[in-house]
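Biologist: I would like to learn how to read a model of this kind. Could you take me through it, one feature at a time?

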There are 2 protein chains.
Amino acid sequence: MKNIIPPVKGTRDFYPEQMAIRTWLYEAVRAVSESFGYQEWEAPLLETLDLYAAKSGEELVKEQSYVFTDRGGDMITLRPELTPSLARLVAQRQNELSFPLRWWSWGPFWRYERPQRGRTREFLQWNVDMIGVDSPEADAEVVTVLASLFQKVGLTPREVLILVNNRRLTDAQLEMIGIPKERRPAVMTWIDRRDKLTVDAWETYGREVGLSDEQIAKTKTMLADQDLWKQSEELVQFFKAIEALGLAQYIRFDPSIMRGLAYYTGTVFEAWEVGGDIKRSILGGGRYDNLLSDVGGSPLSAVGFAMGDVVMGLLMEKYGLAPKELKASPALVLVTVFDKERILDSMRLAADLRREGLNVICYPESAKLQKQFKFADRMGMQVALVIGPDEAAAGKITIKNLVDGSQFTLERAGVVDAIKKILAAQ
Amino acid sequence: MKNIIPPVKGTRDFYPEQMAIRTWLYEAVRAVSESFGYQEWEAPLLETLDLYAAKSGEELVKEQSYVFTDRGGDMITLRPELTPSLARLVAQRQNELSFPLRWWSWGPFWRYERPQRGRTREFLQWNVDMIGVDSPEADAEVVTVLASLFQKVGLTPREVLILVNNRRLTDAQLEMIGIPKERRPAVMTWIDRRDKLTVDAWETYGREVGLSDEQIAKTKTMLADQDLWKQSEELVQFFKAIEALGLAQYIRFDPSIMRGLAYYTGTVFEAWEVGGDIKRSILGGGRYDNLLSDVGGSPLSAVGFAMGDVVMGLLMEKYGLAPKELKASPALVLVTVFDKERILDSMRLAADLRREGLNVICYPESAKLQKQFKFADRMGMQVALVIGPDEAAAGKITIKNLVDGSQFTLERAGVVDAIKKILAAQ
């Protein structure tokens, strides 16, 4: 075989089998988003570098973004995240939109990272944001949208949990421990690294960011305190709202959740597999207050999250979530072509059946019937129709049930009902 | 107001209102594609430059593509068309796939061109291809898929037509006119330019590509011959199949259709608005035989088309095709929040209603009822629910019909039916 031109590293080909799973997830995402009244929107996939320079993390912009100069000399970025675009769109129409906005989106993003299990360079992301209201109830709704998606695709709280913290609570605690304001971001980064380092390495790192042994010990106590949320009026209200929304079993307080992105200001959350082998967060989100003003709008509080499809894909595969029937052809009915002379009869029948609401493939040339049945079998089809010379002369059709192998011949008028009966039985 | 960071030239923002129309078109595309048994697939949005160098037109690769070097030094292209990726995917699994393949796709593409009415730099495209069978009936099916989309979205043959020709027919005619083989591609390009030039300029151009006045006259006779298709056995069979498939009213023979792309070999077609002001083809397609071998696979015949969403968008707007109700919120039911004390009751009710299958927004904070009703009105919602102190004490709910302004109070148990009745009446 000749060498086939290879794909770009870190991208994925979606053959129909993979695409069906992707579409199934998109439809679940749509159903859940819309059940809470969120409206779908989409930004351009190309944005200017300036848009991200404002607030996205330095690592994201300087090391992980695809940036290039176009033929006209403009600096273009393949979007690495959606929130700056969201801020731009809202700022552009700030006086016309009906707040609170509930917006969701599903589309492609790019980050130049080393591809590995659970990470590609081109990926899809579900974004959910509520904009223009600052309340713990709004935070709780957004987290519940996420929990509803887990429930919808068949993930239980035994498999995934959403871990919630609040930046203001952490900040107040760090103040009590005696860490000055300017050093707190570095300390939060240090806390965020805890799971990735050995105990010794982590404590050494803590001393490097200027903490005393006593402060390290107090921080460890804080991180072990599962009741710490009771000291945050915001989180108390948040968890009451979570209870009211009915999916509290998916949601836990965790004082060690920090989130990397610089723009979060209040409640923050991440979702993780419980005790499994997928050591990568499924998603993250939180409340952010300053993003609109960073792109040129007036300040407006917002809460949202972004879930990539790659780690979610690992979970779907591991727990066998996608239904088996996704592998079959979207058309379960094949009209065969008996011979060259009867191809138009077959095409006409197929067109009639489509008008009656069925999805139908007509074999596109004359070929041995055995070959056509084999095609139907490989495509997971359930019904094959034959119009041979006998059927044509009598105005009848032969229907073959491909699931149980039975077949019978009947008048044209009864064909649609007979097909529907076979399809309904599966 | 501060300066808002602008979008990239030639890209589009999809606010919920535009996104709803885009999704409506995508759903029509899906329904039509699946009714013929086509399977959805998708390629990466980034491909190597090599993939296009093989066969895409020179103008497309050298002048219109977004090409850049990534952080690892690879030459990356934002895909300007899908067919080379299709050839790559099929070549990769040529021995495993069940032919004939019927594949469709819907996704973003980029071309660096001057943005104007009907043209953006970032656009969406619907691709439909049948691969592995070479028959006029297959060509007819693919053209009918397209006609079915026009019918589905509400475009009639008074508004749009699909014009069909065959490259082999044109080639045979040019041979009869005495044009040597090596000069025929240039002559086809000349024919393709006819509508864009004055008669004089076009004839001068014809002499420049080496035609005698007699050959120009004979070509003009050929281009006026509406019965020319009868000389092509392929087109005779094609039009019989088109009749059998039932949408012949959308499809006409037109001997002047050439198609620009270098890879077409047989039947070619374009769709155009009829006598309107949109002077840009809605789409193009045809049969191509060599693309798989160009990317490293074994030769395989295929037929397909690509329809961009921008010209289609002009038609949809001009003829008012998208349904009016697309502008409303996906949730037509608002649960209001009477006051701070009752917010959890409202959230609980909203969660219950969602579990019963309704799309429901709960107002995310306490606010004046008037403000909440105004929000519902601006979002095009139809029902608002109120739980005030009286309702809470009596275990009842007040339902406000936002369409006719009526309202009534009833037991919790009757709420879902009452809501469904109001929604069904619209």
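Modeller: We start with a term: contact means heavy atoms within 4.5 Å. Helices (H or I, at least four residues) and strands (E, at least two) are DSSP runs, numbered from the N terminus. The model is a predicted one, in which local features need pLDDT of at least 70 and side-chain atom pairs count only at pLDDT 80 or more, while totals for chains, interfaces and linings use all residues. Residues are numbered from 1 along each chain as its sequence is written, chains are lettered from A and ligands numbered from 1 in the order in which they are written, and side-chain values use heavy atoms, with hydrogens and water left out.

Biologist: Which residues of helix 6 of chain A meet helix 7 of chain A?

Modeller: From helix 6 of chain A come R167(A), T170(A), D171(A), L174(A) and E175(A); they meet R184(A), V187(A), M188(A) and I191(A) of helix 7 of chain A. Ala, Val, Leu, Ile, Met, Phe, Trp, Tyr, Cys and Pro count as nonpolar, Asp, Glu, Lys and Arg as charged, and the others, Gly among them, as polar. By that scheme the contact of helix 6 with helix 7 of chain A has four nonpolar, one polar and four charged residues.

Biologist: At what angle do helix 6 and helix 7 of chain A pack?

Modeller: Axes are lines fitted to C-alpha atoms, for helices over the stretch in contact, and angles run from 0 to 180 degrees between N-to-C directions. Helix 6 (residues 167-176) and helix 7 (residues 184-192) of chain A pack at about 110°, with axes 11 Å apart. Angles under 35 degrees count as roughly parallel, over 145 as roughly antiparallel, 65 to 115 as roughly perpendicular and the rest as oblique. Helix 6 and helix 7 of chain A are therefore roughly perpendicular to each other.

Biologist: How do helix 1 and helix 5 of chain A pack?

Modeller: Helix 1 (residues 16-35) and helix 5 (residues 136-153) of chain A have axes 9 Å apart and an angle of about 135°, so these two helices of chain A are oblique to each other. W24(A), L25(A), A28(A), V29(A), A31(A) and V32(A) of helix 1 meet V145(A), S148(A), L149(A), K152(A) and V153(A) of helix 5. That contact divides into nine nonpolar, one polar and one charged residue.

Biologist: How many residues does the contact between the chains take, and what area is buried?

Modeller: Chain B gives 106 residues and chain A 106 residues. Buried area is the accessible area (1.4 Å probe) that two parts lose on being put together, summed over both. Between chain B and chain A it is about 8,800 Å², of which carbon and sulfur atoms give 60%. I5(B), Y15(B) and R71(B) supply 9% of the area that chain B buries against chain A, more than any other three residues.

Biologist: Where is there a cis peptide bond in chain A?

Modeller: Most peptide bonds are trans. A cis peptide bond joins F99(A) and P100(A), with omega about -5°. P100(A) is in the loop between helix 4 (83-92) and strand 5 (101-110) of chain A.
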